[in-house]
Amino acid sequence: MDQGLAALLGATVGVLGTVAASAISSRSTWRQLERQAEVEHSHWRRQLRRDAYSAFLAPANETRSTLKMAARALIGDAPDVAEADRRLQLAQDQLVLTQAAWAGLAVEGPESVEQAAHGVHLGLHSMHTTLLAWRDSSGAPDRNVKFVERHAVEVTMVSERLGSFTSAARAALDDTNLPSGRRS
């Protein structure tokens, strides 16, 4: 083989090696960029969910506290109906905020979080309805024992549902932290 052909063959092998190394390096860089995009997207989704969950939890807790204060105004021989009415109206306004935040959860999901939020919202609505009935029967000879008892049960139920919501939200956030191809 003459030297010119050997040099041409050597140059061709060198170019092919360089092209192959460049292709492998390019593919590796592309995979790394895809992985980074997955991680960033996952972080962005987690942030959206965290914000939606917080936007629900804040007015839900405020509503529960306001309803408990309304109940305190109704307890005793001389209920403060005006204070109870003020608290019940405030709670109604907060329920509207809670329901609006719940709508955001329906979009962000997952379904387990949305269902837990729905349970909280129903419990708060039930507390509000019970307190309205209690207020309307203020001064009853039985001292509204049935409403006092029902309210106590509802307070416990709402507290449990808030705990369930928080657990479901935390689990969803932990799951969102993993890229979609890596979830088990």
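The exercises below, each with a worked solution, concern helix packing and local geometry in a predicted model.

**Exercise 1. Determine how α1 and α2 are arranged relative to each other.**

Solution. Two packed helices are described by the angle between their axes and the distance between the axes. Helix α1 covers residues 3-74 and helix α2 residues 81-108; their axes lie 8 Å apart, at an angle of about 160°. Angles over 145 degrees count as roughly antiparallel, and α1 and α2 are therefore roughly antiparallel to each other. The crossing of α1 past α2 is left-handed. In this contact, 21 residues are nonpolar, 4 are polar and 6 are charged.

**Exercise 2. Determine the relative direction of α1 and α3, and describe their contact.**

Solution. Helix α3 spans residues 111-136, and its axis comes within 10 Å of that of α1, with a crossing angle of roughly 20°. Since angles under 35 degrees count as roughly parallel, α1 is roughly parallel to α3. The crossing is again described as left-handed. On the α1 side the contact includes Tyr53, Phe56, Ala60 and Leu67, and on the α3 side Val113, Val120, Leu124 and Trp134 are among the residues met. The contact residues of α1 and α3 divide into 14 nonpolar, 3 polar and 3 charged.

**Exercise 3. Describe the packing of α2 against α3.**

Solution. The axes of α2 and α3 are 10 Å apart and form an angle of about 165°. That angle makes α2 roughly antiparallel to α3. The passage of α2 across α3 is left-handed. From α2, the contact residues include Leu88, Leu95, Trp102 and Leu105; from α3, they include His118, His121, His125 and His128. The division here is 12 nonpolar, 7 polar and 3 charged residues.

**Exercise 4. State how many aromatic pairs the whole structure holds, and describe the one formed by Tyr53 and Phe165.**

Solution. Tyr53 belongs to α1 and Phe165 to helix α4 (residues 145-176), so the pair ties together parts that are 112 residues apart in sequence.

**Exercise 5. Identify the peptide bond geometry between Gly109 and Pro110, and locate Pro110.**

Solution. Most peptide bonds are trans. The bond joining Gly109 and Pro110 is cis, with omega about -5°. Pro110 lies in the loop between α2 and α3.

Conventions. Residues numbered from 1 in each chain as written. Predicted model: local features only at pLDDT ≥ 70, side-chain atom pairs only at ≥ 80, totals over all residues. Heavy atoms only, no water. Axes fitted to C-alpha atoms, helices over the stretch in contact; angles between N-to-C directions. Helix = DSSP H or I, 4+ residues; strand = E, 2+ residues; numbered from the N terminus. Parallel < 35°, antiparallel > 145°, perpendicular 65-115°, else oblique. Left-handed = near helix turned anticlockwise from the far one by under 90°. Nonpolar A, V, L, I, M, F, W, Y, C, P; charged D, E, K, R; others polar. Contact = heavy atoms within 4.5 Å. Phe/Tyr/Trp six-rings, centres within 6.5 Å; stacked < 30°, edge-to-face > 60°.
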